[in-house]
Amino acid sequence: MTAVEDGLRLETRERPDHGTARDLVAAAIDAGALVTVVGRCTVDYEGRASSTLGPGERLVMLKPDGAALVHTDEGQQPVNWQPPDCEHGATLDDGQLLVESHRETPEEHLAVRFESVLEVSAYGLTDERDLSLEGTEEDLRQRILDEPYLIEEGFIPLATERATPAGAVDIYGEDADGRAVAVELKRRRVGPDAVGQLGRYVDAMERDLHAETEMRGILVAPSVTDRASRLLAERGLEFVPLTPTGAAESVD
């Protein structure tokens, strides 16, 4: 796949096999891209009601904000949809592409099973609002280095890109009580993967540091999904809502 860069078209595949389509959709979701899939499919929804659409050729759109839309060749409204803040996924089910969109509160699940795939496209789109709001992770890093109190009062940054066996920690520092702090930065709303990444860094640093050292992990992003919030609490990790540019923070 082409390298992910804001505003650049990533990739389009015509009539891909189901495995190739799954790989492209999954990679694009992880990259925060806009994804479209055209093909013959069935659509099942379970939530506040339940519905099934039989086989037909449709356009499915997955947006990086968590929204999902299923369109036919008629009308301006989708025949089925999921609101923002859902989590998307792509797998193979009996050798066929299965695209799913799920949210926890209220619990709703959309499943689109493709009999055939005509085209898959992934785009890294931005507009002026996104550009002015989100900036880059480097902007976010610099903002924290310039104003460490944005993490919390008494936080002292000691290093950036600190190496660990699990990867490089964006910012390593100490809190007011002298406890070690690993800070992971994300410029967009994030899900469970970011929590897992931070957890691996904390675990690796706990093994490397002195046995009596108390280690904290803080995830910094504009917002997190409901599932990510639960995982943070389960793992004893923390979240600080912050955008790269200083615009109003987005909090669940």
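Colleague: In which strand is the place of Ser-101?
Modeller: This is a predicted model, where local features need pLDDT of at least 70, side-chain atom pairs count only at pLDDT 80 or more, and totals for chains, interfaces and linings use all residues. Residues are numbered from 1 along each chain as its sequence is written, and side-chain values use heavy atoms, with hydrogens and water left out. Helices (H or I, at least four residues) and strands (E, at least two) are DSSP runs numbered from the N terminus. On that numbering, Ser-101 is in strand 7.

Colleague: Is Ser-101 buried or exposed?
Modeller: Buried means under 20% relative accessible area, exposed over 50%, and partly exposed in between, with a 1.4 Å probe and protein chains only. Ser-101 has a relative accessible area of 2%, so it is buried.

Colleague: What share of the residues in the chain is buried?
Modeller: The chain has five helices and 13 strands. Of its contacts with a separation of 6 or more, 57% are between residues 24 or more positions apart. Of the 252 residues, the buried share is 42%.

Colleague: How many residues are in the largest nonpolar core?
Modeller: In soluble globular proteins, nonpolar side chains tend to be buried together. A nonpolar core is a set of buried Ala, Val, Leu, Ile, Met, Phe, Trp, Tyr and Cys residues joined through side-chain atoms within 4.5 Å. In the largest one, Val-37, Leu-97, Val-112 and Phe-114 have the most contacts inside it, and the number of residues is 23.

Colleague: Which element gives the most to this core?
Modeller: Elements that give two or more residues include helix 1 (18-30), strand 2 (34-46), strand 7 (96-103) and strand 8 (108-123). The one that gives the most, with six residues, is strand 8.

Colleague: How many residues are in the second, separate core?
Modeller: This core includes Val-169, Ala-182, Val-195 and Met-215. Its number of residues is 19.

Colleague: How far apart are the end C-alpha atoms of helix 1?
Modeller: The expected span of a helix is 1.5 Å times one less than its number of residues. Helix 1 has 13 residues and should therefore span 18 Å. The distance between its end C-alpha atoms agrees, at 18 Å.

Colleague: Which residue caps the N-terminal end of helix 1?
Modeller: The buried residues of helix 1 include His-18, Gly-19 and Leu-24. The backbone nitrogen of Gly-19 lies 3.1 Å from a side-chain oxygen of the capping residue, Asp-17.

Colleague: How far does helix 4 reach from its first C-alpha to its last?
Modeller: Helix 4 (residues 192-208) has 17 residues, and its buried residues include Val-195, Leu-198 and Tyr-201. What covers them includes strand 9 (156-164) and helix 5 (226-235).

Colleague: What is the omega of the cis peptide bond between Thr-105 and Pro-106?
Modeller: Most residues other than glycine have a negative phi, and most peptide bonds are trans. Pro-106 lies in the loop between strand 7 and strand 8. The cis bond that joins Thr-105 to Pro-106 has an omega of about -10 degrees.

Colleague: What is the phi of Asp-94?
Modeller: Asp-94 lies in the loop between strand 6 and strand 7 and is exposed, with a relative accessible area of 77%. Although Asp-94 is not a glycine, its phi is positive, at about 55 degrees.

Colleague: Over the ring of which residue does the charged end of Arg-162 sit?
Modeller: A charge sits over a ring if NZ of Lys or CZ of Arg is within 6 Å of the ring centre and within 35 degrees of the ring normal. The charged end of Arg-162 is 4.6 Å from the centre of the ring of Tyr-172.

Key: Contact = heavy atoms within 4.5 Å. Polar contact = N/O pair within 3.5 Å; in protein donor to acceptor, adjacent residues only side chain to side chain.
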